[in-house]
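Subject: Structure for your review

Dear colleague,

Please find below the structure that I am handing over to you.

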Amino acid sequence: MAQSLELLLIQFLMPDNDARRQAEEQIKRLAKDPQVIPALIHHLRTAKTPNVRQLSAVLLRKKITGHWAKLSPQLRQLVKQSLIESITMEHSPPVRRASANVVSIVAKYAVPAGEWPDLLPFLFQCSQSAQEDHREVALILFSSLTETIGNAFRPHFADLQALLLKCLQDETSNRVRVAALKAVGSFLEFTQDGAEVVKFREFIPSILNVSRQCLASGEEDVAIIAFEIFDELIESPAPLLGDSVKSIVQFSLDVCSSQNLESNTRHQAIQIISWLAKYKSNSLKKHKLVIPILQVMCPLLAESANGDEDDDLAPDRAAAEVIDTMALNLSKHMFPPVFEFASLSSQSANPKYREASATVLGVISEGCLDLMKDKLEPILHIVLGALRDPEQMVRGAASFALGQFAEHLQPEIVSHYESVLPCILNALEDASDEVKEKSYYALAAFCENMGEEILPFLDPLMGKLLAALQNSPRNLQETCMSAIGSVAAAAEQAFVPYAERVLELMKNFMVLTNDEDLRSRARATELVGMVAMSVGRMKMEPILPPFIEAAISGFALEFSELREYTHGFFSNLAEIMDDGFTQYLPHVVPLAFSSCNLDDGSAVDIDESDDENINGFGGVSSDDEAHDEPRVRNISIRTGVLDEKAAATQALGLFALHTKGSYAPYLEESLKILVRHSGYFHEDVRLQAIIALKHMLTAAEAVFQGHNEGPAKAKEIIDTVMNIYIKTMAEDDDKEVVAQACMSTAEIIKDFGYMAVEPYMPQLVEATLVLLREESACQQQESDSDIDDNDTEHDEVLMDAVSDLLPAFAKSMGPHFAPTFATLFNPLMKFAKSSRPPQDRTMVVACLAEVAQDMGAPIAGYVDALMPLVLKELASSEATNRRNAAFCVGELCKNGGESTLKYYGDILRGLYPLFGESEPDDAVRDNAAGAVARMIMVHPEAIPLNQVLPVFLKVLPLKEDREESIAVFTCVCNLVVASNPQILALVPDLVNLFAQVAASPVETSEVKAQVGRAFSHLISLYGHQMQPLLSNLSPVHANALAAFAPKS
């Protein structure tokens, strides 16, 4: 075989394609025989030309796996011996490297079996050889062997690290330094042990040196390995980089600002900054690196991309991603320098800088939303100015920024509608399609949170949108449909005059079947659902059938986005039609099931571009018996399927919620899917599953009512749901999903009562405690050693949801909540420290107010601990804080017993300013009135009524928070009916007040009945003396009061 094989190898290397093809066929045939191995070994050692020796090694690497088990011990020894000789004596570097690759495959089988004990000693010896070639090949082998027999190195780890560090600093050979760099990369990829990873910290200066040398000599691909190493170090949960963060950031910034380097190299450098911002943001803050990073990143936004550059690698786009990530993780430190850059750049003569000015404000609006809401005037001044810029790219950036503001700066941005909407309307006429498209997007996002303020703009808006819908290219039509949907949602019933025209146009879109039109069809389907939500069941039900038919037929078109939007469309219809949707369940539920059961289709790229293609050796393909394990390069998930699954999961929940008992046939299958999706790998799907599980409970209750085994079946479902919620609270790593599990649990307690959750209380309380201590899985984002305790950028939404659980427990358990509350009290109070932001403190105060309201008397034991906080909050600069504090102080006085009396003077002094002209917020004033009412009801003797009542009555009736009405009017009416002299001195004010309440369309019948009782009492006391007061009233008020007067 050896001779014929040598001829075939030579023939395979010929330029003639036919000759090559023949040789390949013959080699494939021969390679099925295990004797091919000694033949290839022979040529590897003796062939005259390096090309043939290299090809022999490449083929060995492919074939050795399939044949190794069949070789005799003597042959195996020969293979190992020859490979070692090839590595040490071979003059050609490509042949040496190809042999090293074979060694790593053979080692995979021989080392664990104890058949190659001298391999590691040989490599250590080689790596210290005086010959550069030997040192290099040893390091190459260390790299490849970590992938196959990494565990064999564990006992030698310390020696190996010392060796790698020494080779990284090799004074004579750049090749050795580069090979050492690659070996460090391989080891880091292999080792999971935090303690082992930390030891690589001391390598960072040497890694940076080697990388700088490689960049200087044009070896950018090698320098990129350094970035891969930093990437591993940053992502490691071990507290890592210490002071070397500074040098890594400096190196990365130098690379990304060097325009002479390849875009991929610069992109890798920018990526490192991005990872640091994501995983080690506290380190950036601690080492004061935020401003140096921004000084490079902001100007990068203004760098022009090369025409032939891959968009994803363009520096301006990558820089925008870094700034976005930093804004999300370091908002306080980001906003001032970014705003300064934007203000200066907006005045620049260079249009790229004016563009960057608007872009950067759009990019940070999600992360820096709180700071930007306070500075909206100057920010809008910059962006609306840019929207009128002569340069198209600047106008495009401005319309992008407005879209981002409309999405993230709600609801504050809406109050600027008088200046913003006309500018957007103007931009819809722009000469550039790009500006138009972004302006439709901005319009859609802006209108989403508008209400009746949109009405004056409705006609011009719909005129432009309907015209654009008929005369624009597809992509503009799609954004235009989104905008119409937002307008419909804002205008509600006022949209009815436009609905028919819009629905007629949508029919044309909902029958399109060409691939390039399916996205438009999806948008149209979504829009019909939104219009239905605006105009309601009465108008929609008679005209629905053709739309539903078109929507169902879309499922045959194999377009994930269309299916996703169609599930949303059906969800909207279920919402407006309630039980009327039952007739459609047999058609739409199976469609949702099939989307939920779709294969995720994880797309995996496999990297086999090793030595196969050297000098065209790619032709010899590995056959089935060779199981070389290629390296998985990256895993990307087809996001379309994800969005579709999330929409289908949401739809199942809404179908169940709105059709209730009629959902019975689908309950069991739906629950199976939701249980599976509650543990899905992507948080969007988990979130929808958590919401939908609560809806299933609502349906199950209706389904099993009056059933014999009803209670047992319902209990089984509650068991399933509660166990998932508790597991989610403890183990899910996404804050939004955990928040939803908390909110849904609170709703279950509210809807089904304490008995439903009683068996789970110990676990629920434990999960709540862990969340309050900020120790749950979703709160363990960053375990940097330099984490800073006062850094309060924790998730507001999550903690609001957690703090909803305590009132839910209190409401369902009443005074029995006291022992549980005792364990939760201190962890909750940590959020009320003065170092915490105002929204944390008011979260605590609101939570305590509701607990006090429902737990009752046991709150007395906490009055002394709480009162200083609540009194301080009454004077907060934030209206929400003052409102919650006023509510809380009233509930503490109502249920806190004698222990509150000593605070009455301080409380009245704290509440007094909230009644005056200086208080801008009606809801605050209403809650202050509620607090005074509760104080009077429990301890009238402790209140100077002659001073308090005139101030109190002056702010009535309530303007905004009607929930306080019952307390306020119970107090007033009780005083009147008891003929309290202090209140009877104010009869003219009382008559006026009672008349307003009697005529009010918003006060409840319960409140009106109280007022009627008190008014009757006044008539019985004063009789005809009341006449002059009554004749001063307007006819509407007089008639409303007269209805309550006792008939004489």
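In helix H45, the residues Ala879, Arg882, Arg883, Ala886, Phe887, Val889, Gly890, Glu891, Cys893 and Lys894 meet Ala923, Val924, Asn927, Ala928, Ala931, Arg934, Met935 and Val938 of helix H47. Contact here means heavy atoms within 4.5 Å, and helices (H or I, at least four residues) are DSSP runs numbered from the N terminus. By class, this contact of H45 with H47 comprises 11 nonpolar, 2 polar and 5 charged residues; Ala, Val, Leu, Ile, Met, Phe, Trp, Tyr, Cys and Pro count as nonpolar, Asp, Glu, Lys and Arg as charged, and the others, Gly among them, as polar.

The model is a predicted one, in which local features need pLDDT of at least 70 and side-chain atom pairs count only at pLDDT 80 or more, while totals for chains, interfaces and linings use all residues. Residues are numbered from 1 along each chain as its sequence is written, and side-chain values use heavy atoms, with hydrogens and water left out.

Two packed helices are described by the angle between their axes and the distance between the axes. The axes of H45 (residues 879–895) and H47 (residues 922–938) come within 8 Å and cross at roughly 10°. H45 is therefore roughly parallel to H47, a term for angles under 35 degrees. Axes are lines fitted to C-alpha atoms, for helices over the stretch in contact, and angles run from 0 to 180 degrees between N-to-C directions.

A second pair is formed by H27 (residues 474–491) and H29 (residues 518–535), which pack at an angle of about 10° with their axes 9 Å apart. H27 and H29 are thus also described as roughly parallel to each other. The contact of H27 with H29 has 7 nonpolar, 5 polar and 4 charged residues.

Ser99 is located in helix H6 (residues 93–110). Ser99 is buried, with a relative accessible area of 0% (buried means under 20%, with a 1.4 Å probe and protein chains only). Beyond its neighbours within four places in sequence, Ser99 is in contact with Leu44, Ala57, Leu83, Ser86 and Ile87. The side chains of Ser99 and Ser86 make a polar contact at 2.7 Å (a pair of N or O atoms within 3.5 Å; within protein, one must be able to donate a hydrogen and the other to accept it, and residues adjacent in sequence count only if both atoms are side-chain atoms).

Yours sincerely

How values were computed
Helices (H or I, at least four residues) and strands (E, at least two) are DSSP runs, numbered from the N terminus. Buried means under 20% relative accessible area, exposed over 50%, partly exposed in between (1.4 Å probe, protein chains only). Angles under 35 degrees count as roughly parallel, over 145 as roughly antiparallel, 65 to 115 as roughly perpendicular and the rest as oblique.
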